[in-house]
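Hi,

Here is the structure I promised to pass on to you. My notes on what turned up in it follow below.

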Amino acid sequence: MQAREDFLLKAYELGIIKFGSFTLKSGIESPFYVDLRPLASSPQLLKTLSNNLLQLVDNSKLELICGVPYAALPMATTMSLESGIPLIIKRKENKGYGTKRMLEGVFHDGQNCLLVEDVITSGKSLVETIDEVEKEGLVVTDLVVVLDREQGGIQRLEEKGYNVHTLFTINEVIDILFKYKRLDEGEVKKIKDFLSMPPQAPSRKRTPLQDKEVQHPVGKNMIDIALRKKSNLIASADVVSSLELINLAKGIGDKIVALKLHSDIITDFSWDLVTELRTIAREKDFLLFEDRKFADIGNTQELQFKQGVYRFADWVDMVTAHPIAGEKSFDVFEPTGVVAIVEMSSAGALTDDYYVSKALNIAQKSADVFAVVAQRQVPDDLLLLTPGVNIDKKGDSKGQQYNTPKKVFSEYLTDFMIVGRGIYKANDPVAATEEYRQQGWKAYEDSLS
Ligand code: BMP
């Protein structure tokens, strides 16, 4: 018992569990966040942990060990070294070329493979992983998990006939941290109250655009335009010449809420272009949205925003900025509306649950931020803008990942979708814009009921 407590206290010092308010991938608000990856920074702790995990199962029937990427990879590797049972490596995604295998290593059909996972919550992703491993011909009977968040995961797997062995439950962890004064009574109560509630997703009910609690004038304007045009479409005009940009803006302007730009890709950027864009935007009733993704300290961002070639402050309605430099860095954009990038659409982005939670907290504290870019439901006082939308494609060769309009409006409760190549690369960009407008608005209306 003492050894387990010692292990946990040392692991706690490494930062494996944090307390506060965190929005998980599922959209659930959690008062704690667990991340076991720092354990790999202490070889001694990793070794202790791995031996403890090995003791949970009958090793005699095991022929292979496989860690669920990424947090469990170092654990599985150490378990393999300590036990002599060979390791196989599971990919997070198919590499799309070569052997296209999901598992790497030497193995053959029918071998029994122990799966190693860091944390189990609902068990959904573990079921998917087991599926992938079994598809490669291996047999999974047992899983070892370091921490059970006690949100139904174990039952889900046991119902499917798997033996799940866990080292700690979250309640045990809380009790030990309280016993050793790492948590006070108030914190314990908050966490225990959360844990005693039935596992539930946040309210899946969408707030209609007209009832959104958005205060920023640019946000309100966006909503008004959307309702006037029955459009929740932001077109991303990632074209590289003024002529293409002007033609696109003229052609599709009356179907969109905003035209998103990357001004620094326009080879012949000029003030004539800006003047013309402003005129078209006024006539066709859309906003100019510069996707500059500022990511510096406030002072530098202010210079980048107000000075230089582009002088965005003089002509754009809204800009994107990363919250990476903290809340004060947003103070320099007023009265332009700020869209905080809290989660990115591309494969392997660093914007994990922990980052998203912290980024959302920063976005909510800033009066200049009225919207965020993300791939999940966000609090109602922020508008949700979702890129990575395409009707025909699943992704590109450079990491972009696409969803359909239906998925983002029904699952993420997105307010506005951002479409780039689906429009400007289409044979007929005007017809494509109309198609996206109709599909987007229908998906939004369907998600109201
Ligand atoms: P496309 O639909 O062609 O993949 O373009 C998406 C647009 O949205 C690009 O301009 C890209 O810079 C932007 N974007 C994105 O794709 N993912 C993000 O997470 C954030 C973005 O701003």
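Let me start with the ligand: one of its nitrogen atoms is 2.7 Å from an N or O atom in the side chain of serine 345. Taken alone, the ligand exposes 470 Å², and the protein buries 90% of that. Please keep in mind that this is a predicted model.

Two further side chains come up on the oxygen side of the ligand. An oxygen atom of the ligand is 3.0 Å from an N or O atom in the side chain of serine 236, and for histidine 262 the corresponding distance from a ligand oxygen is 2.9 Å. In total, 15 residues surround the ligand, and the closest are Asp238, Lys293, Ser345, Tyr402 and Arg421. If you run a pocket search, the space taken by the ligand is the second largest pocket.

Lys293, listed above among the closest residues to the ligand, also has a salt bridge: its side chain meets that of aspartate 291 at 2.9 Å, N to O. Lysine 293 is partly exposed at 23% relative accessible area, whereas aspartate 291 is buried at 7%.

That brings me to the salt bridges in general. The count comes to 28. One of them pairs lysine 61 with aspartate 142, with the closest N and O atoms 2.9 Å apart. Lysine 61 sits in the loop between helix 2 (43-55) and strand 3 (64-67), and aspartate 142 belongs to strand 7 (residues 142-148), so this pair ties together parts that are 81 residues apart in sequence. Which of the two partners is buried, and which is partly exposed? Aspartate 142 is the buried one, at 3% relative accessibility, while lysine 61 is partly exposed at 37%.

Another salt bridge joins the side chains of glutamate 104 and arginine 91, again given as 2.9 Å from N to O. Here glutamate 104 is part of strand 5 (residues 103-104) and arginine 91 lies in the loop between strand 4 (87-90) and strand 5, so the parts tied together are 13 residues apart in sequence. Glutamate 104 counts as partly exposed, at 24%, and arginine 91 counts as partly exposed too, at 25%. There is also a network of salt bridges, which links Arg206, Lys212, Asp380 and Asp415.

Most residues other than glycine have a negative phi, and most peptide bonds are trans. These are the exceptions I noted:

- Proline 69 and tyrosine 70 are joined by a cis peptide bond with omega of about -5°; tyrosine 70 is in the loop between strand 3 and helix 3 (73-83).
- Glutamate 334 and proline 335 are also joined by a cis peptide bond, with omega of about 5°; proline 335 is in the loop between strand 12 (318-321) and strand 13 (337-341).
- Lysine 230 has a positive phi, near 50°. Its place is the loop between helix 8 (217-229) and strand 9 (233-236), and it is partly exposed at 45% relative accessible area.
- Arginine 311 has a positive phi of about 40°, although it is not a glycine. This residue lies in the loop between helix 11 (298-306) and strand 12 and is partly exposed, with a relative accessible area of 33%.

Best wishes

Definitions and conventions. Residues are numbered from 1 along each chain as its sequence is written. This is a predicted model: local features need pLDDT of at least 70, side-chain atom pairs count only at pLDDT 80 or more; totals for chains, interfaces and linings use all residues. Side-chain values use heavy atoms; hydrogens and water are left out. A salt bridge is a side-chain nitrogen of Lys or Arg within 4 Å of a carboxyl oxygen of Asp or Glu. Helices (H or I, at least four residues) and strands (E, at least two) are DSSP runs, numbered from the N terminus. Buried means under 20% relative accessible area, exposed over 50%, partly exposed in between (1.4 Å probe, protein chains only). A residue is near a molecule or strand if one of its heavy atoms lies within 4 Å of it. A polar contact is a pair of N or O atoms within 3.5 Å; within protein, one must be able to donate a hydrogen and the other to accept it, and residues adjacent in sequence count only if both atoms are side-chain atoms. Accessible areas come from the Shrake-Rupley method with a 1.4 Å probe; for residues, only the protein chains shown count as cover. On a 1 Å grid over the protein atoms alone, a cavity is a set of points where a 1.4 Å probe fits but cannot get out, and a pocket is an open set with protein on both sides within 12 Å along at least five of seven lines; lining residues have an atom within 4 Å of a point. A molecule sits in a cavity or pocket if more than half of its atoms lie within 2 Å of its grid points.
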